[in-house]
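Trainee: I would like to go through this model with you, one question at a time. Where should we begin?

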Amino acid sequence: MFAVALTFSAQAQTGSPTPGGAAPAAAAPTPAPGSIKVGTIDMQGAVAGTNEGARDFEALNKKFEPRRTELQNLNTEVENYKKQLNTQGDKMNEEARANLVKTIETKQKSLQRSAEDAQNEYQQQLNEIAQRILQKMAPVIDKYVKSNGYGLLLDSSNQWPQGPVVMTSVQMDITKAIVDAYNAQSGVAPPASKPSGAAISKPAAPAPKPAATTTSKPQ
């Protein structure tokens, strides 16, 4: 969703056809090579760095905290069963060991499904928050780049080869300027837990999925 390159160039727009089949307006002259002012912006960091984003992402993390705790408890339960199998499995009769293995497999599958469901729900709600902020941020970016003479703006959220930007500089980056402009327009106060002047951070993902394990009988 964030992997985008935003182009703002008032000089490169073509007019739409006029009634009666008249020829469209001629395009403005293309700027000479090297005359286009280029900037970069960390779109993910910009969204998360706004007061609104920090507030809403923090609320989302708190909302999913019970789910995270539930998954951690279930994972601990599975690990305890595995330890029991590893330390006592060779001393159990076949029926008792088979029941323990079945219990581990059942709970492992339940943990996997629950973790995937939580991850999907979290990601969906995370994207909804980000998309809402991005829609309101787009006019702020558009106004800033046009007012400051930028002809090209690249998203530096992911560096090359995952993204289009190989390298950038502090002078080219407008992330903080956009965040400040957005905060001034939104009127949302900084969250109480967000220290003044803190570095822009991206929302944390929920607990990772449990790693695959085996329940084979110890040799």
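Mentor: Start with a cut-off: angles under 35 degrees count as roughly parallel, over 145 as roughly antiparallel, 65 to 115 as roughly perpendicular, and the rest as oblique. Keep in mind that this is a predicted model.

Trainee: How are H2 and H3 oriented to each other?
Mentor: H2 covers residues 51-63 and H3 covers residues 65-88. Their axes cross at roughly 40° and come within 4 Å. H2 and H3 are therefore oblique.

Trainee: Which residues of H3 make the contact with H2?
Mentor: Take the H2 side of the contact first: Asn-61, Lys-62 and Lys-63. Their partners in H3 are Glu-65, Pro-66 and Arg-68.

Trainee: How many residues of that contact are charged?
Mentor: Sort the contact of H2 with H3 by class. There is 1 nonpolar residue and 1 polar residue. The charged residues number 4.

Trainee: How are H2 and H4 oriented to each other?
Mentor: The axes of H2 and H4 lie 11 Å apart, and the packing angle is about 170°. The cut-off for roughly antiparallel is over 145 degrees. H2 and H4 are therefore roughly antiparallel.

Trainee: Which residues of H4 meet H2?
Mentor: H2 brings Glu-52, Gly-53, Asp-56, Phe-57, Leu-60, Asn-61 and Lys-63. In H4 they meet Tyr-122, Gln-125, Leu-126, Ile-129, Arg-132, Ile-133 and Lys-136.

Trainee: How many nonpolar residues does the contact of H2 with H4 have?
Mentor: Count by class again. The contact has 5 charged and 3 polar residues. Its nonpolar residues number 6.

Trainee: What span should H2 have at 1.5 Å a residue?
Mentor: H2 has 13 residues. Its end C-alpha atoms are 18 Å apart. That agrees with the span H2 should have, 18 Å.

Trainee: How far does H3 reach from its first C-alpha to its last?
Mentor: H3 has 24 residues. At 1.5 Å a residue, 34 Å is expected. The reach of H3 is close to that, at 34 Å.

Trainee: Which helices are included in what covers the buried residues of H3?
Mentor: Begin with the buried set: Arg-68, Leu-71, Leu-74, Val-78, Lys-82 and Leu-85. An α-helix has 3.6 residues a turn, so residues three or four places apart point the same way. The cover over the buried residues of H3 includes H2 and H4.

Trainee: Is Asn-80 buried or partly exposed?
Mentor: Asn-80 lies in H3. Buried needs under 20% relative accessible area, and exposed needs over 50%. Asn-80 has 44%, so it is partly exposed.

Trainee: Where is Ser-157 found, and what is its relative accessible area?
Mentor: Ser-157 is in the loop between strand S3 (150-155) and helix H5 (175-186). Ser-157 is buried, with a relative accessible area of 9%.

Trainee: What separates the C-alpha atoms of Asp-42 and Asp-155?
Mentor: Asp-42 sits in the loop between strand S2 (37-41) and helix H1 (43-49). Asp-42 is buried, at 19% relative accessible area. Along the chain, Asp-42 and Asp-155 are 113 residues apart. Their C-alpha atoms are separated by 5.6 Å.

Trainee: Which backbone nitrogen lies 2.9 Å from a polar atom of the Asp-42 side chain?
Mentor: Look in H1, where this residue lies. The nitrogen belongs to Gly-45.

Trainee: How far apart in space are Gly-45 and Thr-175?
Mentor: In sequence, Gly-45 and Thr-175 are 130 residues apart. C-alpha to C-alpha, the distance is 7.6 Å.

Trainee: What pattern does the protein follow along the sequence?
Mentor: The protein has 5 helices and 3 strands. Buried residues make up 30% of its 219 residues. Read along the sequence, the pattern is β-β-α-α-α-α-β-α.

How values were computed: Residues are numbered from 1 along each chain as its sequence is written. This is a predicted model: local features need pLDDT of at least 70, side-chain atom pairs count only at pLDDT 80 or more; totals for chains, interfaces and linings use all residues. Side-chain values use heavy atoms; hydrogens and water are left out. Axes are lines fitted to C-alpha atoms, for helices over the stretch in contact, and angles run from 0 to 180 degrees between N-to-C directions. Helices (H or I, at least four residues) and strands (E, at least two) are DSSP runs, numbered from the N terminus. Contact means heavy atoms within 4.5 Å. Ala, Val, Leu, Ile, Met, Phe, Trp, Tyr, Cys and Pro count as nonpolar, Asp, Glu, Lys and Arg as charged, and the others, Gly among them, as polar. The expected span of a helix is 1.5 Å times one less than its number of residues. Buried means under 20% relative accessible area, exposed over 50%, partly exposed in between (1.4 Å probe, protein chains only). A polar contact is a pair of N or O atoms within 3.5 Å; within protein, one must be able to donate a hydrogen and the other to accept it, and residues adjacent in sequence count only if both atoms are side-chain atoms.
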